[in-house]
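Hi everyone, thanks for making time this morning. I'd like to walk you through one model, so please have a look at the screen.

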Amino acid sequence: MGDLIYLYGLIPTNEATNQSLPTFKGFDGSGGIYTIPIEKSTAIVCKLDSEKYSEERIKDKVSNDMEWLQEKAFHHHETVKKLARKFTIIPLKFCTLYKNQDSLRKAVHAKEPKIESAFSLLAGNEEWNVKMYCDDHVVKEQIKKNNPAIEAKRAEISQLPKGRQFFEKKKLDKLIESELEEEINRISENVHLHLKEFVIQGNVKRNWSKNVTGKKENMTWNGVYLISETAVESFLEQVQQYEIQMQEMGWKFEVSGPWPAYHFSSYS
Amino acid sequence: MSLRESIENKDVALIDILDVILDKGVAIKADLVISIAGVDLVYLDLRVLIASVESLVQAQHGNDQAVSSVNFDQQREELLDATGQFSKWEN
């Protein structure tokens, strides 16, 4: 019955009145995007047919129709990203829908203080993502060579009777594995802590496994950073320096951004 | 070109977008290959959740470990240690 309201994001009303909204097509590709001022925040929305976009239908599409998901996810991302270039924006998650204007107004009104503090945190700042990857084999070789505890253990093992060497070598392998994990975490965390000096906030996300990344290296760090626009370039230069310095030791960096600040503006 | 511009102009992989914009718990059930502008290819198998990608994959790893040969080896060693069979063989 009637139209649903698809909410892309919230921007400060004073910014909305100073600048006009660019023209965008809506989520269903036909209608346009428009604004609904709600006190100090202005919602950026489009209308959606409630029959075509029921909760079940959306869930079904997201789960079973990859082409649809790809197209719509891009639409959402591109729209919010373009808005983020012009306005301070609290980006909303994919398919955030309200039954009607009234329910949207009520929801926004109830969160007014939270929204305001998010605006002041986000103004003039950008979100960037840094992923670190590591070739285990290279680091493992370095550990084998440079770790005195492992060297000592190896020498000890070579003195043992043959039968026992087999089991002791296995134990040593296990020791190397745990040293490897520690070393990788230590290096990744040090980089993260150093990068945090350039930023307003830095959060750590979970690493993705290889079947998600499709890479031969392991992801060792997945960090999101809220950075002042003026500090972005020096932040990126720092990442680039790490990239150059650590390349030979099996490390890779992947930076993406600027992202709408999804990780620093919890609206829901 | 500044670093910022060169990164900004790069294609972003769909999986990165989905990881950011999807609410947790939204499942992708089919096998799929994601390709954006022919750049990033990401294969996701049946068991992978997007947005909860990480938690699900980690949960699987947890399960894997419970039945992996590493664990069996460890248990066997512990048993051997406990029963003192090593010393019998050595001498």
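Chain A is divided into domain 1, residues 3-118, and domain 2, residues 126-264; these bounds come from an automatic or database domain assignment. The C-alpha centres of the two domains lie 37 Å apart.

A word on what you're seeing: this is a predicted model, where local features need pLDDT of at least 70, side-chain atom pairs count only at pLDDT 80 or more, and totals for chains, interfaces and linings use all residues. Residues are numbered from 1 along each chain as its sequence is written, while chains are lettered from A and ligands numbered from 1 in the order in which they are written.

Now to the sheet in chain A. Four strands form an open, antiparallel sheet in the order E7-E8-E6-E9. Helices (H or I, at least four residues) and strands (E, at least two) are DSSP runs, numbered from the N terminus, and two strands pair if DSSP finds at least two bridges between them. Strands E7 (201-205) and E9 (251-259) of chain A stand at the edges with a single partner strand each, so one side of each has no neighbour in the sheet. On average, neighbouring strands here are turned by 20 degrees against each other, direction ignored; axes are lines fitted to C-alpha atoms, for helices over the stretch in contact, and angles run from 0 to 180 degrees between N-to-C directions.

Let's zoom in on one pair. Five bridges join E7(A) to strand E8 of chain A, residues 218-228, and Gln201(A) has Leu226(A) in E8(A) as its bridge partner. Helix H8 of chain A, residues 162-196, packs on this sheet and touches E6 (125-134), E7 and E8 of chain A. Contact here is C-beta atoms, placed from the backbone, within 7 Å. The direction of H8 makes about 10 degrees with that of E8(A).

A cis peptide bond joins Gly257(A) to Pro258(A), with omega about -5 degrees.

Finally, two residues with positive phi. Glu39(A), with phi near 55 degrees, is in the loop between E2 (33-38) and E3 (41-49) of chain A. Cys95(A), at about 55 degrees, is in the loop between E4 (90-91) and E5 (97-98) of chain A.

Which of these is buried, and which exposed? Glu39(A) is exposed, with 12 other C-beta atoms within 10 Å, whereas Cys95(A) is buried, with 23. The cut-offs are 20 or more other C-beta atoms within 10 Å for buried, 12 or fewer for exposed, and partly exposed in between, with C-beta atoms placed from the backbone.

Notes
Two residues are in contact if their C-beta atoms, placed from the backbone, lie within 7 Å.
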